[in-house]
Structure formats: structure tokens, C-alpha cells
Amino acid sequence: MKKSHLKSSDLLPIQQKDRKISSLGFSFMWVGMVVVLATFAIGGAGVISLPLPMVILATVIGCLAIGFFISLIADIGIEHGLSFPVYMRAPFGTIGTHIPSVTRGITASMWFGVNTYFGSTAMNGILNMLFGFDNWFICYLIFAAVQLINTSLGIKSIERFADLAAPIIILISVWMYISLSDTAQAAGRDVWSWVESPVTGGAAFTAFLVVIFSNMGFWATLGADIPSISRFIKAPLNEKNWFKRNKGSLIGNMVAMPLTQTFMIIIGAVAYTAVLNADPIVALQGSANGFVLGVLLLMIVLAQWSTNTAANVVPAATIFSNVGGPRFPFWAGVITAGIVGTVVQPWQLFDIIIQVLLFVGGILAAIVGILFADYYLIRKRRVNVLDLYEDNGQFRYMGGINLAGFIAWIIGGAASYFVPEYGFLVGFIIGAGLYYVLAKYWWFNKYPQAEIENPSDEKYLGISVGRDWIIEEESETVFEDASNTIKV
């Protein structure tokens with residue numbers, strides 16, 4: 001029998017025995033993921049208008065908010081073992097999934113390029129000190145290749161690297177903060193009170209909101225496709241309590257990410273206070289030298305590596321593999337992500353990074369809203385997983401397209417464009433609200449959904465009722481629970 005385009009082996013539901021990421025491992029992945037130039041840039045931009053304590057408060061608010069949204073969507077991967085592009089077949093259709101998914105895939109690839117460039121400049125600085133070598137582009141190519149190979153080896157390889165890198169990153173970050181604070185103090189600027197161009201009243205409130213939504217927009221990208229990672233997080237069988245089932249995800253999203261993100265925002269702000277540049281590499285090269293500078297630059301290299309493999313290459317490769325089908329395996333998606341991330345010339349993107357964050361965050365926030373409405377409000381976490389892998393199943397809709405999803409996405413994304421400071425909130429609310437109304441009262445009347453018509457826990461829930469979803473690539477589709485296996 002001909003293999004279905006929808007049944008790529010890399011995109012089948014992850015079974016309980018294959019969920020390898022521990023709570024600590026996921027938290028360590030977050031430690032590496034937040035150490036990127038864009039995080040430092042948010043801190044640097046913040047202290048142009050606001051004192052550092054206000055920037056910190058706004059960052060904590062933004063991180064906790066987006067961390068909660070990420071945790072909500074992560075349950076798709078934890079409950080059913082599904083990746084982002086596969087679940088997107090539900091709100092967008094078996095063909096329609098490719099358009100919003102590829103949008104995210106290209107964005108993730110661009111971030112891979114930006115972070116690789118950031119890391120390659122640090123690598124170049126180390127090699128220049130040690131051997132007099134000075135060619136950042138060669139460093140870029142080498143660094144990109146190493147990260148792509150690491151990702152191709154699988155999620156456990158990524159977690160192992162994060163376990164190694166995270167403690168080093170934490171220690172060196174503290175060292176970095178102390179060095180930059182001393183530089184700022186020497187320049188006569190107190191890092192906790194200095195503001196370049198203070199604002200008050202409405203302007204201060206707007207600046208405060210920009211910091212909040214910059215942080216939210218930053219991680220809206222991962223908020224959309226977190227199932228591609230969360231499906232590998234260990235979770236208890238037969239656990240119906242949402243919080244207990246999602247404990248590993250919540251610790252990473254609501255504790256590790258806000259703490260680390262806030263500290264890196266502080267470093268970016270202190271770097272800007274010290275030398276009027278939020279890039280800590282630039283700031284430290286002017287104040288540190290020799291061994292100290294080499295160690296600090298090494299942290300940047302490790303952090304970009306840890307960030308890219310988990311937050312950018314895995315989601316992008318999963319998406320590209322979904323587009324390519326069974327003949328386009330995960331490793332081919334990894335290579336595609338690397339090529340796309342380089343072709344866009346990421347070294348040209350730094351000057352517009354905050355604007356890009358706000359814009360892209362709004363567009364992807366609409367997708368997060370649609371996923372939330374589809375999974376929680378309409379299907380109530382019950383999913384006809386079997387049909388997600390069937391060419392002519394219930395998610396075929398109209399030629400593979402769910403118009404309710406596309407209408408909600410287009411309008412939600414467009415609305416967020418006109419209010420970039422509030423892009424995430426506007427995109428999420430409009431995307432979720434429109435999709436709920438259109439799908440529930442129009443589209444699903446035309447195309448009935450089994451799990452909505454008959455909301456059975458035993459048929460349509462996953463790990464919380466002890467079930468692994470198992471899809472046969474060539475012929476039959478089956479699911480099994482603790483007592484039996486049923487072929488469909």
C-alpha cells in the first residue's frame with residue numbers, strides 16, 4: 001500500500017517510553033534558550049526610557065504571561081504526543097497546515113541564523129585572542145554545522161548538551177553582570193537608576209507596555225509550536241489533573257524561563273548603561289581582556305548553541321519535514337532550516353530586531369489563540385488523532401483547508417500589525433474569538449468532528465487515560481491503552 005503523505009515517521013505521536021526530557025532537563029533547555037541577542041536588546045532598549053527596576057517588573061509580567069500561554073499549548077504535545085504541524089491539521093486542514101506552519105518555520109530559521117551569527121562573533125573573538133584568526137563568516141559556517149549535527153542526533157542529544165551548558169551559562173552570567181556593573185560604575189552611571197532619556201506619564205506607561213509585549217512577542221514564536229518539544233517531556237500516565245500532568249512543562253515555562261530571561265534582560269540593560277550598546281560582546285571587549293574575556297565569550301557560544309537546537313532548529317525541521325512528507329526526514333528538515341537561516345543574511349537583521357519581534361509576535365499570537373480555542377474551547381482537549389493522519393478523514397475539510405482557521409488568522413494577524421505595542425494580546429484575542437465563533441457555529445456544522453459530536457474520554461484523550469497513540473505507517477491505524485490494542 002502506498003504510504004500516506006501525512007504519515008512521516010518523524011511526525012507520528014510520541015509514545016510514553018520515548019519521552020526522555022525530565023523537568024530539570026527542560027528547565028536547563030530554557031536557561032540556554034533565553035541567552036540571545038534579542039533578549040539583551042530588550043533590556044538595552046528598556047533603559048533608554050525607564051529605570052532598570054521598571055524594566056525588570058515589565059519583564060517578569062511579560063514572561064509569566066507568555067509562560068502560561070506556552071504551558072497551555074504545550075499540553076497538546078504532553079497529552080497526545082503530537083507535534084505542532086500535525087495538530088495544526090485540525091484548525092487549518094491537512095493541506096492548510098503548511099501555510100501558517102511554514103511561516104513559523106521560516107521565522108525559526110531566521111532566528112537560527114541570527115543566533116548563529118551572534119555566537120560566531122564570540123567564537124571569532126576567542127580564536128582571534130588565541131591564534132590571531134579573524135574571519136567571522138568561517139566561524140559562522142563551522143558553528144552552524146556543529147549545531148545542525150547536534151540537532152540531527154535527536155532530542156536526547158539536545159537535552160544532554162543543555163545539561164552541560166546551563167550550569168556554565170549561569171555561573172558566567174553572574175560574572176558578566178559583575179564586570180559590566182563595574183564598567184558602568186567607572187563611567188559614573190548607577191545601573192539601578194540611570195536612564196538615558198527618561199519619560200513620564202503616558203509615555204512611561206507605553207514604554208512599560210513595550211517591554212512587556214516585547215518579551216511576550218519574543219516567545220510567541222515558541223508558544224505556537226511548543227508541542228514539537230513538549231511531546232518529549234516525561235509525564236505521568238492516567239493523571240487527569242492538568243497541573244500535575246504538565247508539571248515538567250510548568251516548571252520550565254513559569255519558573256526557569258522568567259528567572260533566566262529577567263537576568264539576561266538585566267545584563268542587556270547593564271551593558272547599555274556601561275557602553276551604550278546592549279550587545280554584551282561589544283561591551284565586554286572594551287572592558288575585559290585575556291582569559292576573562294575568553295570565558296565570557298565562551299558563554300555566548302554555548303548559549304546560542306543551546307538556544308538554537310531546542311527553540312529554533314527542532315521546530316523548523318519538524319515543520320519542513322511535515323511539508324516534505326515521508327521522503328523528507330527530520331535530518332533533511334534540519335539542513336533546510338540551516339540553509340534558510342543563512343540565506344536571509346541574519347547579520348543584517350540586528351537594527352530592526354525589536355520591531356520584528358513585535359510584528360512577528362502578533363502574527364504568531366493569532367495562531368496561539370486559534371490553537372487555544374480549537375484545543376480547549378471547542379474540542380475540550382479530546383482529539384481524533386487517528387484522522388489527523390488520514391488523507392480523507394475529518395480534517396480533510398474543503399480540499400484540505402479549514403477556512404475558519406485562515407479567516408481568524410488573517411484578521412487576527414492584521415489587527416496586531418496596526419497596534420504593535422499590544423500585538424500579542426490583540427492577535428491572541430481576535431484569533432481565538434473569531435475562530436471559536438466561525439468553527440463552532442459555521443465550519444463544524446458543515447464538517448462534523450467526531451470528538452465534538454461524541455466527547456468521549458476513552459476514545460479521544462491520550463496520556464491522561466493511559467493511552468499511547470500508535471499510527472501504522474503503511475496500513476492500519478491503531479491506538480492502545482494499558483489493557484489492549486485496537487486496530488482501526
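Reply: Helix H18, residues 403-418, has 16 residues and reaches 23 Å from its first C-alpha to its last, close to the 22 Å expected at 1.5 Å a residue. The expected span is 1.5 Å times one less than the number of residues, and helices (H or I, at least four residues) and strands (E, at least two) are DSSP runs numbered from the N terminus. The model is predicted: local features need pLDDT of at least 70 and side-chain atom pairs pLDDT 80 or more, while totals for chains, interfaces and linings use all residues. Residues are numbered from 1 along each chain as its sequence is written, and side-chain values use heavy atoms, without hydrogens and water.

Me: Which residues of H18 are buried?

Reply: An α-helix has 3.6 residues a turn, so residues three or four places apart point the same way. Buried means under 20% relative accessible area, exposed over 50%, and partly exposed in between (1.4 Å probe, protein chains only). In H18 the buried residues are Ala 404, Gly 405, Phe 406, Ala 408, Trp 409, Gly 412, Gly 413 and Ser 416.

Me: Which residue caps the N-terminal end of H18?

Reply: Asn 402 does, with a side-chain oxygen 3.0 Å from the backbone nitrogen of Ala 404.

Me: Why does Val 35 count as buried?

Reply: Val 35 counts as buried because its relative accessibility is 0%. Its place is in the loop between helix H1 (23-33) and helix H2 (37-49). Leaving aside residues up to four places away in sequence, Val 35 touches Phe 40, Ile 169, Met 264, Met 299, Ala 303, Gln 304 and Thr 307, where contact means heavy atoms within 4.5 Å.

Me: How many cavities of 30 Å³ or more does the structure hold?

Reply: Rolling a probe the size of a water molecule over the atoms shows where empty space is left. On a 1 Å grid over the protein atoms alone, a cavity is a set of points where a 1.4 Å probe fits but cannot get out; lining residues have an atom within 4 Å of a point. Grid points are joined across faces, edges and corners, and a volume is the space filled by probe spheres set on them. The structure holds two such cavities of 30 Å³ or more. The largest has a volume of about 90 Å³, and H9 (201-225) gives the largest share of its lining, four residues. The second largest cavity contains about 40 Å³ of space; among its lining residues are Arg 19, Glu 79 and Asp 468.

Definitions and conventions
Polar contact = N/O pair within 3.5 Å; in protein donor to acceptor, adjacent residues only side chain to side chain. 1 Å grid on protein atoms, 1.4 Å probe; cavity = no way out; pocket = protein on both sides within 12 Å on 5 of 7 lines; lining within 4 Å.
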